[in-house]
Amino acid sequence: MKKIISGNEAIALSFEDSGGVFASGYPGTPSTETLEEVARLGNVYCEWAPNEKVGLESAIGASLAGGRSLATMKHVGVNVAADALMTLTYTGVNAGLILMAADDPGMHSSQNEQDSRNYAKFAKIPMLDPADSQEAYDFVRAGFEISEQFDTPVMLRTTTRISHAKGIVEPKGKIAPKVGAWEKNVPKYVMLPNFGKIKHVTVEERLLKLQEFAETSPLNRVEMGDADLGIVTSGISYQHVKEAFPAASILKLGLVHPLPEKKIREFAAKVKRLMVVEEMDAIFEEQIRAMGIPVHVGKDRISLCGEVNADIIRAAAGAPLTAAATAPVENLPQRPPTFCPGCAHRGLYSILSKLKVYVSGDIGCYTLGALPPLSAMHTCICMGASISAAHGMAKVNEIAGRAEKPVAVIGDSTFFHSGITGLLSMAYNNGNALVIIMDNRTTGMTGGQENPGSGQVLQGEPAKQVSMVDLVKVLGIDNVVEINSYNLEETEVAIRKGLETPGPYVLVDRNPCILRYRVKKPLYTVAQDKCTGCRACLKASCVALGLTTSGEKPKVGIDPNICNGCGVCAQLCKFDAMSEA
């Protein structure tokens with residue numbers, strides 16, 4: 001029966017239909033819904049891992065034990081998992097193993113643009129790049145078959161558009177899960193140097209066999225049309241190419257590494273102009289040019305940054321643009337991202353902004369604290385870097401004779417992901433920074449997924465709930481204090497004490513995510529006769545607050561449909577104009 005589902009849902013469904021046994025990963029947009037859908041289907045074991053490296057390593061273990069396995073992550077997560085991946089390419093697999101890497105061209109929800117095709121080339125493993133939901137479904141089964149045929153992990157690359165856009169999918173017949181033998185094989189799985197040297201030769205031989213496979217695989221296909229223009233493309237770019245030039249000849253690549261050199265040469269020989277269309281890096285173009293094949297249109301006319309679309313492709317080829325592309329779009333309203341009404345992060349950042357401290361930030365909802373009017377975060381590099389960077393800052397401040405103590409802010413899921421080692425280093429190396437862990441008991445940034453502190457696993461079953469305070473103490477931190485950031489006065493006192501006390505100091509702000517746990521408190525209202533219109537409350541950056549137009553001077557009003565009753569704005573008001581309704 002045909003279904004209309006997203007690419008992420010298609011991957012989850014195909015994993016189940018293709019005999020999948022074990023799935024693990026860390027939530028990261030645009031990959032998150034894949035594991036959530038596996039859990040919803042309820043027929044295959046799946047779990048959230050503390051980070052992507054652990055997720056892939058667990059999937060490796062499942063594969064070695066004989067079960068088809070899947071590891072899911074976004075593109076930057078592959079950086080975390082790369083240590084395991086680069087040796088996995090040497091050991092190979094037992095049962096099929098797929099690493100799903102979801103790229104984010106255009107940075108819709110990421111700190112960088114990163115092309116995961118580089119990793120397939122780097123690791124010398126095959127990569128599949130689906131162009132729609134049906135191919136996302138089909139390529140999972142193909143990926144398992146390639147994995148087992150060539151004794152290799154397989155990367156399945158999606159992008160935001162493939163992961164989230166919906167299309168028609170016709171499922172194939174189900175393959176019953178089958179767990180194979182679990183055998184000890186030291187030369188294959190123990191990468192000591194003497195075994196690794198042998199396996200490196202095997203990797204190079206396997207890559208040559210995969211290149212031969214790529215030449216005849218139906219995953220790569222030629223759609224001959226007008227020979228004036230031939231386009232080499234893959235993934236979502238294929239859909240844009242079909243929209244831009246429906247009559248053109250197309251070499252559509254599904255197996256994007258290794259490339260089918262003979263097929264590319266034959267295709268290029270049949271067309272007058274060869275165009276390469278790919279988002280982000282010039283992976284195809286560089287290899288095609290290295291083959292000595294002229295590329296008439298490529299990254300010289302298509303940007304290395306952001307997504308492509310039909311008009312970008314048409315412009316690059318010198319074709320007229322559509323009327324929609326040339327029509328100006330004016331006066332669009334701007335709505336910058338902001339915290340949810342009632343979010344505990346708002347109170348914390350209000351105090352950090354007031355104290356004008358240097359804040360080493362991290363990846364999460366709380367990264368929004370860098371934006372005006374709070375403007376209370378000054379770095380954001382990668383998961384867990386807030387603590388490690390603050391430690392480095394403090395050491396240089398000590399060398400330079402600066403008294404300022406840096407502040408690191410990090411969420412609970414990010415702390416479990418990769419903040420623990422940074423705090424351990426700070427304790428071990430006699431650091432001098434204030435670390436604030438915003439413990440809202442969820443992975444809020446990606447939609448409220450479970451983590452080791454939430455008290456339940458992916459399927460919703462009860463689980464061991466990690467005590468953040470106890471964990472921090474075990475790492476060697478003597479000064480650990482719980483705070484409630486909804487109380488601004490107490491929060492300021494606690495932060496000041498942490499800044500004044502020499503050595504590592506940790507504050508744990510344990511307040512539940514108001515969106516995940518649906519926290520709702522009595523609403524607040526404004527006494528217009530007391531409000532002076534000073535706008536001090538607006539520094540809380542709450543979307544429930546707005547200016548009224550009545551009277552000579554605009555005053556603040558509160559939208560009762562949005563207010564969550566957190567009371568932060570009332571504490572910022574110097575004229576006692578705000579109170580519970």
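Predicted model: local features only at pLDDT ≥ 70, side-chain atom pairs only at ≥ 80, totals over all residues.

Modeller: Residues are numbered from 1 along each chain as its sequence is written, and side-chain values use heavy atoms, with hydrogens and water left out.

Colleague: Which residues of helix 3 are buried?

Modeller: Buried means under 20% relative accessible area, exposed over 50%, and partly exposed in between (1.4 Å probe, protein chains only). Helices (H or I, at least four residues) and strands (E, at least two) are DSSP runs, numbered from the N terminus. In helix 3, the buried residues are E52, G55, L56, A59, I60, A62 and S63. Viewed down the axis of helix 3, these fall within an arc of 165 degrees (taken from the directions from the axis to the C-beta atoms), so they line one face of the helix.

Colleague: How many salt bridges does the whole structure hold?

Modeller: Side chains of opposite charge can pair when their charged atoms come close. The criterion is a side-chain nitrogen of Lys or Arg within 4 Å of a carboxyl oxygen of Asp or Glu. A search of the whole structure finds 25 salt bridges. One of them joins E135 and R221 at 3.5 Å, N to O. E135 belongs to helix 6 and R221 to strand 9, so the pair ties together parts 86 residues apart in sequence.

Colleague: Is E135 buried or exposed?

Modeller: E135 is buried, at 10% relative accessible area, while R221 is partly exposed at 31%.
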